[in-house]
Amino acid sequence: MKPSRLLLVAVSLAGLGALARNLWRRPLPQTTGSETVPGLDQPVQVIRDRWAVPHLYAQSRWDLFFAQGYVHAQDRLWQMEFSRRLGHGRLAEIVGEAGFEADHLARTAGFTRAARQDVPLLDDDARSALQAYADGVNAYIRGHQDRLPLEFALLRQRPAPWTPLDTLTYGRVQGWILSHNWEQEVLQAALIAHVGPERAAQLRDDYSPGNPIILPEQTCASLAGEFVAQFRRAADWLPLLRYQGLSNNWVISGDRSTTGKPLLANDPHLGLDLPGIWYENHLSCPDLQVAGVSFPGVPGVVIGHNEHIAWGVTASVPDTQDLYLEQFHPDDPTLYRVGEEWERARVHREEIQVRGEVVSRVVEVLETRHGPVVTSQLPLDGESQRVALALRWVGSEPSRLTRSVLRLNAAADWREFTEALRDFDCPSQNFVYADRAGNIGLYVPGRIPVRGDDLGLVPVPGWTGEHEWQGWIPHEELPHALNPAQGYLVSANNRVAGVEYPHHFSCEQYDGQRARRITDLLLEKDKLSADDFARIQQDVHSLSGTEFAALLTSSSSALLNHPALREHRAQAARVLSLLATWDGRLTTESPEATVYELAEHFAARRVFAPWLGDLTDRYLGLNLGPIFHYSSHQTNNSRSVLRRLLRDDEADWFRDEQGRPATREDILAGALADALAYLRRYRGEEVDNWRWGDLHRITFHHTLAQAKPLQRLLNRGPYPLAGDGNTVNAAFFRPQLPLNDYSAGPSWRMILDLSDWDASVGVIPGGQSGHPASPHYDDQIPLWRAGQYHPLAWSRPKVEAVARERLSLLPQAGTGTPGGA
């Protein structure tokens, strides 16, 4: 090649490289110096520490929330765009067919329709905060049209202005993610039809009396009899059906802490992506100072502390959704039966634009008095009427959630805290509380339906009027506790209240193993420190693992002589010997953890598949819905039922592959043989190489990383991961092979020290920035994986000591806003 041509090629490549670098790094925001921002009334200081956590100092709430919106947009604008499109049902506009089902769900559930109801209910403070926040986001968008995040360039899109309705709609999405009862109701209906009411009732996890109730001094009682009664009643009409979100928190009083003041811990378990769901920030103005984590797209702080109080949240898992079977008129599909009359359903005409298609797809959503119809209409047996399911959900009701969060951020004591939670309607959460005066408490706010005799387990007829909600549990009667004599409170999605509680709350809580383990660890020492709290958050001891291992090892002799293990008897003996001395910890290096997880996996399929057939995957927690294809709750339920059946030697449930009666030893030997065969095939013959972390891994996925080049660019991992869904350090995964599809876990770890706010610590799995080119896109992953934390600076001297970058946001003359006065 001639020198001139070589030079031309080199120049061209250099130009392409420069273009790529420009596309990659140009969106990075300015974090030092000053920027003039129209819409501010007075200057705002943004001080970022080494982890890029912004500490915002403003002179008014208007400027503070304006600056929060601006900073959120600096770091997370693409995530905000994706979130609002998810809520409004407008993903398909930018991603094509891949977004249609999510859009269809959002339009059917009516997230935007519900959010519009909130606008007239906004008080002045909430309206001002939402508008200031939106104005801050839009100031950033307007000033950076040529520096938008990489994702906008890849999709050739530009963001529309942000609105308060975008924020309100996102609140509905979060409420939906933490509400899953309707899919459980459909599954229960299918199980009743398949195996009958009595056996279906046995397939529900009846809360173990050995696991703790959240409220102190309340009694755990069995609901098994109620399950059977409910299912028997449902069996009369279920043939009409012709078709077939978790966390830990705890708090101790000063009497139990080494500091003499309360300590509070929280680690909400949510999906782990890049960027992560949470954004750390510290907000300060003369009448408000609050710090913790926020949702990008929403003003204020969701989890954290202010000058006086601290709080953390877990999902309380109440039953806030019911499915109603509606009858429709044979000649008019918009008329549905109410008693002996016909009422007209509302019809919402939703147009969904799919990228690449010229004509919008039209979806007509019918809405009855109960809510949107979520299934097709199907004929009744032998009748001309048609039936479909309508969903009633508290998230469809008008909400004052924004006001609640803002009042929570400013609360100074228990009274103001509980009053703020009066408007925290959906999603219901277990709030643990502590204050500088030394009080600790727990409150479970939410709009929880009052039912009659129904437990909300299965779909019910909508035309009879016998299954209607009878109002809401009064706020004063919602579960709560203040300064319990035991000196601590724990919640981990376990049962909230016992038989003494006068209202039905839920049948859907988790089995309480995490709560029991946390409680055991809290009681190991008379006084606990923040370091002890960190150790508890990292705990990977499995109570269910030790129970299942005991089932195997207690039958070692029979298992080793079983035909299923005869061919590999020596290997089985080695494995059983290891399990006999196993400490129950699901570490990344543990082969015992691997054997336990796989043997339990295969045992579940051996026990349930002969009875459930095609329903087996759904019962084990897979493919429950059109969008969310995995339910950690249902996996937890089914595994708990499995251990109960094996522990109690319920021989009536045990069948071999041909459907013939089998014994518990047949099930265990077969499951162990299945596990060993799988491991030999994929991990080799050497047992020491069967490390849990080699099978159980996490990749932090970016929403657009579907193609391999983008995966390498935008994703991080895979990394080996300890624990599972029942360990305190939770690591949920789908119950299918291979077991490396990590689902959810600690999305924010926080330990707050009420003796010294500056001694508090936290960590998110990812980083503060949503820009892949930023060092803060993934800089907290090593901390998170190692069980380490970074300081949460609070006082101004501490913030100044850790400052790495300073940005002054300056008002533009003549652009001040009356809301900031």
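Colleague: Which residues are linked in a network of salt bridges?

Modeller: Asp 511, Glu 547, Glu 600, Arg 639, Arg 643, Arg 647 and Asp 648. A salt bridge here is a side-chain nitrogen of Lys or Arg within 4 Å of a carboxyl oxygen of Asp or Glu. This is a predicted model, where local features need pLDDT of at least 70, side-chain atom pairs count only at pLDDT 80 or more, and totals for chains, interfaces and linings use all residues. Residues are numbered from 1 along each chain as its sequence is written, and side-chain values use heavy atoms, with hydrogens and water left out.

Colleague: How many salt bridges in the whole structure?

Modeller: The search finds 47.

Colleague: Is Arg 643 buried or exposed?

Modeller: Buried, at 1% relative accessibility. Buried means under 20% relative accessible area, exposed means over 50%, and partly exposed is in between (1.4 Å probe, protein chains only). Glu 547 is partly exposed at 25%.

Colleague: And what does Arg 647 meet in a salt bridge?

Modeller: Glu 547 again, at 2.4 Å, N to O. Arg 647 is in α21 and Glu 547 in α16, so this pair ties together parts 100 residues apart in sequence. Arg 647 is partly exposed, at 44%.

Colleague: Which residue forms a salt bridge with Asp 778?

Modeller: Arg 716, with the closest N and O atoms 2.6 Å apart. Asp 778 lies in the loop between β28 (761-763) and α25 (781-786), and Arg 716 in strand β24 (residues 716-720), so parts 62 residues apart in sequence are tied together. Asp 778 is partly exposed at 22%. Arg 716 is buried at 16%.

Colleague: New topic. At what angle do α6 and α8 cross?

Modeller: Roughly 110 degrees, for α6 (residues 124-143) and α8 (residues 164-177), with axes that come within 8 Å. Axes are lines fitted to C-alpha atoms, for helices over the stretch in contact, and angles run from 0 to 180 degrees between N-to-C directions.

Colleague: Which residues meet there?

Modeller: Leu 130, Gln 131, Tyr 133 and Ala 134 in α6 meet Pro 164, Thr 167 and Leu 168 in α8. Contact means heavy atoms within 4.5 Å.

Colleague: How much of the protein chain is buried?

Modeller: 61% of its 821 residues.

Terms used:
Helix = DSSP H or I, 4+ residues; strand = E, 2+ residues; numbered from the N terminus.
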